[in-house]
Amino acid sequence: MLALGAIAVCAGPVTPRDLQGTWELAEIASRPVAPTATNARLAFTIKDQGIEGFDGCNNFSGRLDQPGAIASTRRGCPDDVVKLPLDLTDAWSHLKAGKIQNGALVLPARAGLPASVFRRPKSTP
């Protein structure tokens, strides 16, 4: 029973260990995010101190413990594309400001980025 409570709400600061695995964007500014036409998931994956993902236009990867060191492809992006609301200039600082509630990662608004909610992808049989 105690383990279930730890999953529902993260007491105290979020740690890289709490975030291990993949997180998909579910809401931006309290609005659900619809699947993209290309079926590309707006998501990031954390493994140990590494982070990688897709921001809506570009793939990115780097380390949480090295602010400013996340590299990204540089594809052009149409104005109407939904972008991942995660501050990639200092991803760890943005992530640790969040909370895990009911299995969702809730990130606050930051530097022109709206508040957002991420969920773990549902496993498929």
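How many helices and strands are there in the protein?

## Overall layout

This is a predicted model, and the protein in it has 2 helices and 9 strands. Reading from the N terminus, the elements go α-β-β-β-β-β-β-α-β-β-β.

Of the 125 residues in the protein, 32% are buried. If you look at contacts with a separation of 6 or more, 48% of them come from residues 24 or more positions apart.

## The core

Now for the inside. The largest nonpolar core brings together 22 residues, and the ones with the most contacts inside it are Leu 19, Phe 44, Ile 51, Leu 95, Leu 105 and Phe 118.

Phe 118 is worth a click in the viewer. Leaving out residues up to four places away in sequence, Phe 118 touches Trp 23, Glu 24, Leu 25 and Ala 26, along with Phe 44, Leu 84, Pro 85, Ala 104, Leu 105 and Leu 107.

## A pocket to look at

Rolling a probe the size of a water molecule over the atoms shows where empty space is left. The second largest pocket holds about 200 Å³ of space.

Which residues lie nearest the centre of the second largest pocket? They are Asp 55, Ile 70, Ser 72, Leu 88 and Thr 89, out of 13 residues that line this pocket. Sorted by class, the lining has 6 nonpolar, 4 charged and 3 polar residues.

Definitions and conventions
Residues are numbered from 1 along each chain as its sequence is written. This is a predicted model: local features need pLDDT of at least 70, side-chain atom pairs count only at pLDDT 80 or more; totals for chains, interfaces and linings use all residues. Side-chain values use heavy atoms; hydrogens and water are left out. On a 1 Å grid over the protein atoms alone, a cavity is a set of points where a 1.4 Å probe fits but cannot get out, and a pocket is an open set with protein on both sides within 12 Å along at least five of seven lines; lining residues have an atom within 4 Å of a point. Grid points are joined across faces, edges and corners, and a volume is the space filled by probe spheres set on the points. Ala, Val, Leu, Ile, Met, Phe, Trp, Tyr, Cys and Pro count as nonpolar, Asp, Glu, Lys and Arg as charged, and the others, Gly among them, as polar. A nonpolar core is a set of buried Ala, Val, Leu, Ile, Met, Phe, Trp, Tyr and Cys residues joined through side-chain atoms within 4.5 Å. Buried means under 20% relative accessible area, exposed over 50%, partly exposed in between (1.4 Å probe, protein chains only). Contact means heavy atoms within 4.5 Å. Helices (H or I, at least four residues) and strands (E, at least two) are DSSP runs, numbered from the N terminus.
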